Amino acid sequence: MDEKRYDPYTGYEIQGESQKQHNENQNPQQDEQPEQSHGLTVAALVVGIISVVLMLTCCCSPFAIFTGIAAIVLFAVAPKKNGKKESKAVAGLICGIVSIIGTCILILIFIFNIVLSDEFQTLLDENLQGIDRQEYQYDEYDEDFDEIF
């Protein structure tokens, strides 16, 4: 009697060549069932697409980093079939990576636009000059109240 082997990812029994031929002879009219995708691969794809959509929205773009990381983790956890990952999980991985990199680039562009704007520079110059004046005014204020103490 042959020893049964099981696939470590799916838990289904692995059939050898002799068992496959025996099963084909017994049920020649049995139609092949389409392969079912694993839930984690579909989740990786969905979370990856959500992360790309969040990246494109202005108010939710920082959340795209977290959902992109989740898509990458789901890709890593998703089971392999035939020695490779399913295409849905790979698509989720790509979407997650694109959303993380895209969000970081958009945040950097936003920061550079603020820092390099003329209004920011004038406001910064005014505040820096105001600090010098405030120290001077504080010294005068301190000298006025030295007589009280």
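UniProt positions are given here in the numbering used for this structure, and its annotations may be inferred rather than shown by experiment. In an unreviewed entry, UniProt lists residues 44-77 and 89-116 under "transmembrane region". The structure is a predicted model. Its protein chain holds 5 helices and 4 strands, and helix H2 packs against both helix H3 and helix H4.

**Overall architecture**

- Read from the N terminus, the order of elements in the protein chain is β-β-α-α-α-β-β-α-α.
- The protein chain has 149 residues, of which 17% are buried.
- Of the contacts in the protein chain between residues at least 6 apart in sequence, 60% link residues at least 24 apart.

**The annotated spans**

- Residues 89-116 are 100% helix and 0% strand, with end C-alpha atoms 41 Å apart.

**Packing of H2 with H3**

- Helix H2 covers residues 39-56 and helix H3 covers residues 61-77; their axes lie 8 Å apart at an angle of about 160°.
- Because angles over 145 degrees count as roughly antiparallel, H2 is roughly antiparallel to H3.
- The crossing of these two helices, H2 and H3, is left-handed.
- On the H2 side, the contact is formed by Leu40, Ala43, Ala44, Val47, Gly48, Ser51, Leu54 and Met55.
- H3 contributes Ser61, Phe63, Ala64, Thr67, Gly68, Ala70, Ala71, Leu74, Phe75 and Val77 to this contact.
- The residues in the contact of H2 with H3 comprise 13 nonpolar, 5 polar and no charged.

**Packing of H2 with H4**

- Helix H4 spans residues 87-116 and packs with H2 at an angle of about 20°, the two axes being 7 Å apart.
- Angles under 35 degrees count as roughly parallel, and H2 and H4 are therefore roughly parallel to each other.
- H2 and H4 also form a left-handed crossing.
- The H2 residues that meet H4 are Thr41, Val42, Ala44, Leu45, Gly48, Ile49, Ser51, Val52 and Met55.
- Their counterparts in H4 are Lys88, Ala89, Ala91, Gly92, Cys95, Gly96, Val98, Ser99, Gly102, Thr103 and Leu106.
- By class, the contact of H2 with H4 contains 11 nonpolar, 8 polar and 1 charged residues.

**H2 residues found in both contacts**

- Ala44, Gly48, Ser51 and Met55 of H2 take part in the contact with H3 and also meet H4.
- Leu40 and Val47 are among the H2 residues listed for the contact with H3, while Thr41 and Leu45 are among those listed for H4.

Conventions
Residues are numbered from 1 along each chain as its sequence is written. This is a predicted model: local features need pLDDT of at least 70, side-chain atom pairs count only at pLDDT 80 or more; totals for chains, interfaces and linings use all residues. Side-chain values use heavy atoms; hydrogens and water are left out. Axes are lines fitted to C-alpha atoms, for helices over the stretch in contact, and angles run from 0 to 180 degrees between N-to-C directions. Angles under 35 degrees count as roughly parallel, over 145 as roughly antiparallel, 65 to 115 as roughly perpendicular and the rest as oblique. A crossing is left-handed if the near helix is turned anticlockwise from the far one by less than a right angle, and right-handed if clockwise. Contact means heavy atoms within 4.5 Å. Ala, Val, Leu, Ile, Met, Phe, Trp, Tyr, Cys and Pro count as nonpolar, Asp, Glu, Lys and Arg as charged, and the others, Gly among them, as polar. Buried means under 20% relative accessible area, exposed over 50%, partly exposed in between (1.4 Å probe, protein chains only).
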